[in-house]
Every structure is written in C-alpha cells, then in structure tokens.
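Take a walk through this structure, one region at a time. Keep the sequence and the 3D view side by side as you read.

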Amino acid sequence: MKDSINRPRRSLLYIPGNNPGMLQNASIYGADGVLLDLEDSISMYEKDAARKLVKHALMSLDFGDVERVVRINGADTPFFKADLEEIIPARPDAIRLPKVDSAADVLEADKIISGLEAKNGIKPGSIRIQAMLETARAIVNAASIAAASPRLIGLTLGGQDLAADLGIKATKSGLEMLYAKSAVVIAAKAYGLLAFDTVYTAIDDPEGLREMCQLAVSLGFSGKAAIHPSQIKTIHEAFAPTEKELKKAVKVKAAAEDAARRHSGVVAVDGKMVDAPVVAQAERTLELARLSGMEVPRL
Amino acid sequence: MKMDCVKNSIGRLVPREVPGIGKVEPFSGAYARLDGSYVWTAKRYPQHVPALGGDKIAPSLKEAIVRSGLKDGMTISFHHHLRNGDAVVGMVLGAIYELGIRGLTLAPTSLGDAHDCVADYIRKGVVSRLCTSGVRGEVGRAVSHGELDTPVIIRSHGGRARAIEEGSLHIDVAFLAAPACDRLGNMCGCEGKSACGSLGYAIHEARYASHVIAVTDNLVDYPLHPHISVPQYLVDQVVVVDSIGDSSKIATGAARITKDPVQLRIAELAFGLIKESGYLKNGYSLQTGGGGPSLAVNRYVEEYMEQNSIHGSYCIGGISGYMADMLKKGLFSALFDVQSFDASVTSSMRENPNHIEVDVSDYANPFNKGCLVNDLDVVVLAALDVDTDFNVDVLSGQDGVLRGASGGHCDTAAGAKLSIIAVPSMRTGVPSIHDHVQTVVTPGETVDAIVTERGIAINPRRDDLIARARDAGLPVRDIHDLQKEIENITGKPDELEFTDDIVGVVEYRDGTIIDTIRRVKN
C-alpha cells in the first residue's frame, strides 16, 4: 500500500454499498480512491444488506492501488455503531464520517475505532478518518475539528447538506459555497490535513465539472469526489500538475536524492534550503504527473 | 448424428465427412493453405439463358418460386442486410410451405433475431439442412437440441464466399431483399424506406446463384440511379411485395457510444494497445466490429488521429455511422463497406464517393487474389468467450446453446497485423476466460491480445507487443493470472453437459473443420 498521506487522491468515486456490480469493478474505473457508501445512496431498508456487502467486498476483492474509504452513517442514526463494528474489522483505509459538527464528533468515532482496532489486532491509528463538514456550525468549528485527532487525514465538504442547512440553492457557479470551501481548505492545511471538494451532481455536464474542478484546484483542494465514473477523467485532468510545477518537483527530488547519497540531511535547490514537507510535496507532484501521463524524467 | 472423428491441430475432435459437403479436412493451422502452394479451383454451375424480351416482374412471390424451378432438396439463400427488421425469410419460407416444397437446405448469409420462424419451418419439414454464419434465438435452441437431422454448417463470411465460388456450397435460388429495385432487377440498399446501406453479401449471392429473385417493396422507375449494387444481368425475376421488413428495425439510427464505464474502460485499454503497438500511423487501416467496446474504440482513435494529424488509409467491414463520420472528417481516405451496421450510413454511401460498397469475396474470401482483410493493420473484435490458448468463441451462450455468429471474426483476425479481442471479464457473474472455449471459431494463433476491463492478456507469440505495452505502462497480465483473478470473484463455472451427437460443424475460412457443436443435454 502506498504511503498514507502522499498517495494520490485526486478522485474519490462514490459507489453505492448495495451495488455488487459496481463494487466488484471498484478497481477498474481509474479513480484514485473509492467511497463505498452506506449513507445517502442507501435506503433505510437496505442499510444492513449494504453494510454486509461492503464488508465482504473489503475482505475478498482486490482493489489494487485504489484507496478504500467507507462512508458510514452519522452518529445521529441507529446505524452508526453497527457500521463501525462491521466495517473496521474488514480494514478499510479510511472512514468518511458524515455530519461532523464539532471536535467531539470526531473524538467519539475515534474512540470507537480505537477500541475496534485493538480488538481486531489492527495497528492503532491505521484506519484514518475523513471528516465531512455539512452544516454552518461545522464550518464555524472547522479549525477545532481539524485539530481534533491524529487519526484525521482530511476534511471534506458536504455541499448539498450544507446548502440545505443554509437554506440556499446551490448554483452552477458554486459562488455561494466559496466561503465554506475556503474555510475547509484553510482549516485542513493549517493542521496538515488533506481537503476534498464536494461532488458535482450534473453527470451530463462535463464542462461544468471542469470549471468546478479548476476552482477546487485554485482553492487548494487535494481532490474531489465523483458520483459517476465518467467524471474521473475530467477531475484528473484538472489536478494534473503544470509543466512548471513538474520541473520544480524534479529539481527538488533530484536534490533530495543527491543529499541522501552524500548522507547529508541538508537539501538545497538553487542555493536555497528546502525541508522535508517540500520534498514530500515534490514526490506527490511527480506521482500526479506520472498518473496524468506526463513525461517524468527518471531520477 | 454420430460421426467418425479425428483430432485437428488444436486438439478438437472433428468429423472426416460432413453431410452436405462430403469429405473434409481437419483444421491444420490458420495459414496452412496460405503459403502460396495451395491450388484452388473455382467452379461454375450451369444457368438458364432467359428468353429475350421476357418480363422479369413476377405476378406473385409464389409464382416466382414456381418459375424458378425450386424443387424438394434444393438450396435457397437470403442476405441479412435488413438486420432485425427482415421479413423476407419468413415470407418466402411461408410461400414455399404452401407450395408443398420440402427438404430444402437453407443457406442464408446469416440469421438473426428476426428469424425465429425458421425453427417452425424446420419442424414442418420445409428446411432440413442449415448453412449459415449465425444462429440465434429459437433457431439456436432447435439446432442445439438436435432438431435437425444433419449438422448445421457454420461458415465465416469469407469462408462462405470461398465455399460458394468453389462450389462446395451452391445456391439454387437466392431471394434477395431489395430496398430499391427497378423492373429489370437493378437493385441497391441505400434508397427507400427499408434502406439498409451496403448490399455486399447480396452482390456475391447474385453472382453465383443459379436463379436470383429480387424481392422489393420499392419498385422504382427504370433505370435505378445513380447507385446500383446488384446489376440487372444477375437477376432473373423481380417480386413486388407490400413490405420487406420492419423499417424501424432496419433504418436504425447511428449506434451510440456506450456510457457503460466497464465497456469504456475496455475500449480505453484496447485503444491504448493500438496506440502503443506502432500500427496507428499515417496510412494505416482499421476495422472495429460490432458491440459496445469495439464501437467505443472509434472515439478514442478519432480523438488521437485528430490531435496527432494522422491520416489513415481505409476502414473496412461492418461500417457504423461513427466510421462514416470519420471518413467525412477526412481521417481516412476510403471506407470499404460490405455491411452497414446502422442505416445512418446510407446517406454517406449515397453521397460520398470514397464510401465504397464491396462484395463479401472482395472483403474476406481467403482464396481470391487479395481480399481486403488480409491487408488489414488493426482489428478490434468482440467475443462471447475466450480461453487461455486465446481461442475465441462467438457462437455458444453460457448454457451451451447457439446464440451468435461467426461473421467475419476469424477472417479479420487472421488477416490483420494486430487482432484485439475486446471482452468484459465476466457477464452475469460468469467469467469470460475459460480453460477451453465451448466452440472455437477463431483460433488463438490469429489473436494477438484479449482486452478486458481488468487488464490486457497478450498472446505469448507476440513478444514485441508485450514489450511495447509493458514499456507504456499498460496493465499487461498473464492470461492465467487474469483468469484466476476473475474466478476469485465469480468462482469457476460448472462444466456444461453435452451428448456425443454432433449438431453442427464449424468450418474455418479455408474450408477445414475447426470444431464441432454438440447437442446439449436437456
């Protein structure tokens, strides 16, 4: 499995947990990760069946390099605990936790997951949390949520629920979400987390999706959720690094390797010192460039 | 029927003699008769010289049948250009039944979903033998359950053209549906409410049948113009009927590119392989068969050719509206059209001089002096099942019952420099890669790669292609590993049960027998 924080997460494809056909094809759609959904796409009557199906999919299918994230039901539902109890032993890479309003919501899930990890012999803290901020209150609490637990790997915005909470209509331009999006990105970056953009629901509008992806990139999001496999290519194109970024990343990586050969801890590029996070980011840029089919020089 | 059998070069038990053909040779390699030393003799049959000044228009279909001299035990044929809208096969067999003629060999160029009625005429004794490219539905069930006394003979399009020219299949009376026809029998497929595009099979049929009857619902003023597919000198009679078929199923719109992400993934990988193979360059030629992934490959190819200013030489085969559009955009110099996949092609054929109608011998007869498929660079084909020897089955369903067509599959696979089989890794939970396919239509030696959504299996004979694909980062998999991965999801299906009775033989394009079809156990 790839390194947890720096693996590419440009696209995260929602797959309804009660759809065996899509589950078995999870590895072929080309998404960097899949969000196996037990929440909004599953009716009340199919919650148990979907949970079992997702659990068995996690235990028996080969997902290849695709990150396996399960979106469970919120703590305010009767399914929350059962979801965690059945899904954690199947060792997903992460849990997408919906309806997170405060740090306490993260901590509650964290505590249950820790218990289940211990009980099932899973390395403590290895199953990460992506927190979904879907209310005005959550946006206000974004910073404390981001700081809540080392188990967190990223924050994401639940655009449709947030619009409902705000009593506004989501528009094509997405301008009404600008503050919320920025708040999520800034809180995430402040605490070393990733930020994932919400879905674009118009499946037959690749141009609209492209514009939203460009906005997401410009705001600093690390990736974007997709609700249909056809959206993945557009998302990946938006997250491809520019030639300039690629050149810089190549320089940084070459300098880091040179320093390693000299057993030196100091990495210098163009006479300036760079530290470890910059090297890690350069590695991620190179990986994104490779994934985007750009020509990356061998180092 | 029990037969004296021998193993052919791919280990399949095949008969030494087939009723309706006589002595036959077992398959001994796809190119065994194509090394330049094989001698082949075409044979002509006698035909009646018509009386000068006679009227070709018959008063009725029945009268035309009587005038043709059709007798018990003779062979009749039809073309399948009207796709699933064809009404001519049922109409003619009905008239023949009423005339009391029995024991015929039915040798259409193929049978499709519109031909369930043929099963009834088998049961009524009108049809006692069948030679075709494909069988589906009720006819497939009738054959697979042993309702015919003699085995069905399955031929590829190119193989059928060869068989007709050499006389091993002779058509006594050909009934040719004509979307447009004049009083002397000039006909074409790109006019009229039943327009279907090319008449590539009909042209060949008319050239070799002893007696040719045009059946039309669109008698036009003489002369038919400007496009004539089958010229009057090949036609004996013209019958005018109310309708030759269901125009909603004949004049279909352009097939749309699939939105199914699995099929698109297969198409994307197939295109990736074409791109890396080195064949996709100026002057190359292409055929993409029917089916979702094959059609979708066109989209990727088109985009790449436009972006990289590549100009291809020609496309052949079953021609789709998508290919006609690529011709219009100037991406290829010409289209060679033996069969139009959708009626949106008809206007292209009518208006674009570079959209060229070709007959089926020109298309695929392996023994003429240069059929089109033998010069092909790239072909993308569909399949029902494949096996770990890269053999392809396009005939048998998951229950062992016939439900497909040989078509030009083995012809194009043998001829093309790069033959790609695009197939989903599983269908309705049943894996598509088997240890051994039920019926070999296309031998593995002519298949270069099998592309599924879970990876690309390249024939070990093609080291060069494996290296290129791996270098490009394509997901190249050993076919056994790929099979195992799929079976991890689906499990291994139970072996189907068959009796020893042979209900069909599959002739390879060169006339040798590549496989047999056994009767399914009820």
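A:Arg51, A:Val54 and A:Lys55 in α2(A) meet A:Ala82, A:Asp83, A:Glu86 and A:Ile87 in α3(A). By class, this contact has three nonpolar, four charged and no polar residues. Bear in mind that the model is predicted.

Helix α2 covers residues 47-60 of chain A, and α3 covers residues 80-87 of chain A. Their axes lie 9 Å apart, at an angle of about 20°. α2(A) and α3(A) are therefore roughly parallel to each other; angles under 35 degrees count that way. The crossing of α2(A) past α3(A) is right-handed.

Move on from α3(A) to the loop between α3 and β4 (94-97) of chain A, which holds A:Arg91. A:Arg91 is not a glycine, yet its phi is positive, at about 55°. Is A:Arg91 buried, exposed or partly exposed? With 15 other C-beta atoms within 10 Å, A:Arg91 is partly exposed.

Another positive phi, about 50°, belongs to A:Asp270, again not a glycine. Look for A:Asp270 in the loop between β9 (267-269) and β10 (272-274) of chain A. A:Asp270 has 9 C-beta neighbours inside 10 Å, so A:Asp270 counts as exposed.

Now turn to helix α10 of chain A, residues 232-239. Why is α10(A) described as largely enclosed by the rest of the structure? Because six of its eight residues are buried. Those buried residues are A:Ile232, A:Thr234, A:Ile235, A:His236, A:Ala238 and A:Phe239. Their cover includes β1 (11-16), α9 (206-219), β8 (223-226) and α12 (276-291) of chain A.

One part of that cover, α9(A), packs on α10(A) at an angle of about 35°, with the two axes 9 Å apart. α9(A) and α10(A) make a right-handed crossing. On the α9(A) side, the contact is made by A:Pro206, A:Leu209, A:Arg210, A:Cys213, A:Gln214 and A:Val217. On the α10(A) side stand A:Thr234, A:Ile235, A:Ala238 and A:Phe239. Seven residues of this contact are nonpolar, two are polar and one is charged.

Next, cross to chain B. Eight of its residues are in contact with eight residues of chain A. Helices α8 (261-277) and α15 (479-490) of chain B each supply at least two residues of that side of chain B. The largest share, three residues, comes from α8(B). By class, the side of chain B that touches chain A has five charged, three nonpolar and no polar residues.

Chain B also holds an open sheet of ten strands, with mixed pairing. Their order is β5-β15-β14-β11-β6-β7-β8-β10-β31-β32. β5 (57-58) and β32 (513-520) of chain B stand at the edges, each with a single partner strand, so one side of each is left without a neighbour in the sheet. Helix α4 (residues 137-144) of chain B packs on the sheet. α4(B) touches β8 (127-132), β10 (152-154), β31 (498-507) and β32 of chain B. The direction of α4(B) makes about 125° with that of β31(B).

Within the sheet, β14 (residues 211-216) and β15 (residues 237-240) of chain B run parallel, joined by four bridges. In one of these, B:Ala214 has B:Val238 as its bridge partner.

Finish in the loop between β14 and β15 of chain B, the place of B:Pro223. The peptide bond from B:Tyr222 to B:Pro223 is cis, with omega near -5°. B:Pro226 is found in the loop between β14 and β15 of chain B too. A cis peptide bond joins B:His225 to B:Pro226, with omega about 0°.

Note on methods:
Residues numbered from 1 in each chain as written. Chains lettered and ligands numbered in written order. Predicted model: local features only at pLDDT ≥ 70, side-chain atom pairs only at ≥ 80, totals over all residues. Pairing = 2+ DSSP bridges. Contact = placed C-beta atoms within 7 Å. Axes fitted to C-alpha atoms, helices over the stretch in contact; angles between N-to-C directions. Parallel < 35°, antiparallel > 145°, perpendicular 65-115°, else oblique. Left-handed = near helix turned anticlockwise from the far one by under 90°. Nonpolar A, V, L, I, M, F, W, Y, C, P; charged D, E, K, R; others polar. Buried ≥ 20, exposed ≤ 12 C-beta atoms within 10 Å, placed from the backbone.
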